[in-house]
Amino acid sequence: MTDNAEFKIHLDDMVKKIKDLPTLPEVAMEMLQNLEDEEGSLDMVTEKIAMDHSITAKLLRLANSSHYGNNSKVVTLQQATAMLGIKNVKNLIRVTTLANKFPTANCPGFDFKAFWRHSIGTAVCAEQISRTLHMKHDFAFTAGLLHDIGRLVLVTCYPANYDEVLRYQAYTDSDLLEAESSIMHIDHVDAGLALATHWNFSEAVCDAIRGHHHPEQENLHVLASVVHIANAIVHALDLSHDENDRLPLLSQSAWDTLGLGEADYLSIFHETEMRFDALDQIVL
């Protein structure tokens, strides 16, 4: 292994890199920030979507997918949004715009498709858990989608450094956070929080990013426990199809906080796989 000193990154430098990233489209920022309004105006969202042909095409494909079992073909954006409902429309916007936001970087060891499959799976699973707990669904989906966004920041801004992280992790068989800290001096939680602050995400979503590995930290929103459990479930279901995927340690504190039973989890497993398959076929 090479001298780690040349790969270390200062937090201030990373924040500057984040500020240099192009801003997200207005409709995407609205879907990611305005989480209190779970319903909103379907007509307003449809009007904004009509300006983006890529999202329009994906919505039509999703509406016509076998997952929704529609007998007649959906041919207009208005038909698609009415059938899918505002929550599914918003979720597809979040996934599509974020997946298009970060171009593939020159980092041979990083599997971008596996990353997005895991992120989408965690978002879907977190939403299913939140439904079971009667929580706000928009918060959970967005938090699940963004929980590992710091990895994408690091690999996009510092591809050579992050490739060294992945080689170090494989060589030492270490935890990812440990490998990131050892090589870069910062980890994907630091990077994710910096991006979340720059994009003005809610405190609940920031807490989920902060605590998705260690939800037992004091004063964290319960969303951190939801995303922690969802993350573990998606690793266990192997939705990323990553041959190097490993099951993370499960926090007893998060498990106890949610207090779900076996029947709840069996239902969550089933719904997660089914809903993930529908999004995976459309987005990736």
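The structure is a predicted model, in which local features need pLDDT of at least 70 and side-chain atom pairs count only at pLDDT 80 or more, while totals for chains, interfaces and linings use all residues. Residues are numbered from 1 along each chain as its sequence is written, and side-chain values use heavy atoms, with hydrogens and water left out.

**An enclosed helix**

Helices here are DSSP runs of H or I with at least four residues, numbered from the N terminus. The buried residues are A204, V205, C206, D207, A208, I209 and G211, and what covers them includes α8 (137-146), α12 (188-198) and α14 (223-237).

**A pair of helices**

Helix α10 (residues 159-172) packs against helix α11 (residues 176-184) at an angle of about 125 degrees, with their axes 9 Å apart. Axes are lines fitted to C-alpha atoms, for helices over the stretch in contact, and angles run from 0 to 180 degrees between N-to-C directions. The two helices are therefore oblique to each other, a word used for angles that are not under 35 degrees (roughly parallel), over 145 (roughly antiparallel) or 65 to 115 (roughly perpendicular). Where the helices meet, with contact meaning heavy atoms within 4.5 Å, the residues of α10 include Y162, V165 and Y168, and those of α11 include L176, S182 and M184.

K8 is found in the segment before α1 (11-20). Although K8 and S182 are 174 residues apart in sequence, their C-alpha atoms are 8.4 Å apart in space. Leaving aside neighbours within four places in sequence, K8 is in contact with S181, S182, I183, M184 and H185, and a polar atom of the K8 side chain lies 3.3 Å from the backbone oxygen of S182.

**Two residues with positive phi**

Most residues other than glycine have a negative phi. D173, which is not a glycine, has a positive phi of about 55 degrees, and D238 is likewise a residue other than glycine with a positive phi, near 55 degrees. D173 lies in the loop between α10 and α11, whereas D238 lies in the loop between α14 and α15 (252-258).

| Residue | Relative accessible area | Class |
|---|---|---|
| K8 | 38% | partly exposed |
| D173 | 56% | exposed |
| D238 | 35% | partly exposed |

Methods. Buried < 20%, exposed > 50% of the residue type's maximum accessible area, 1.4 Å probe, protein only. Polar contact = N/O pair within 3.5 Å; in protein donor to acceptor, adjacent residues only side chain to side chain.
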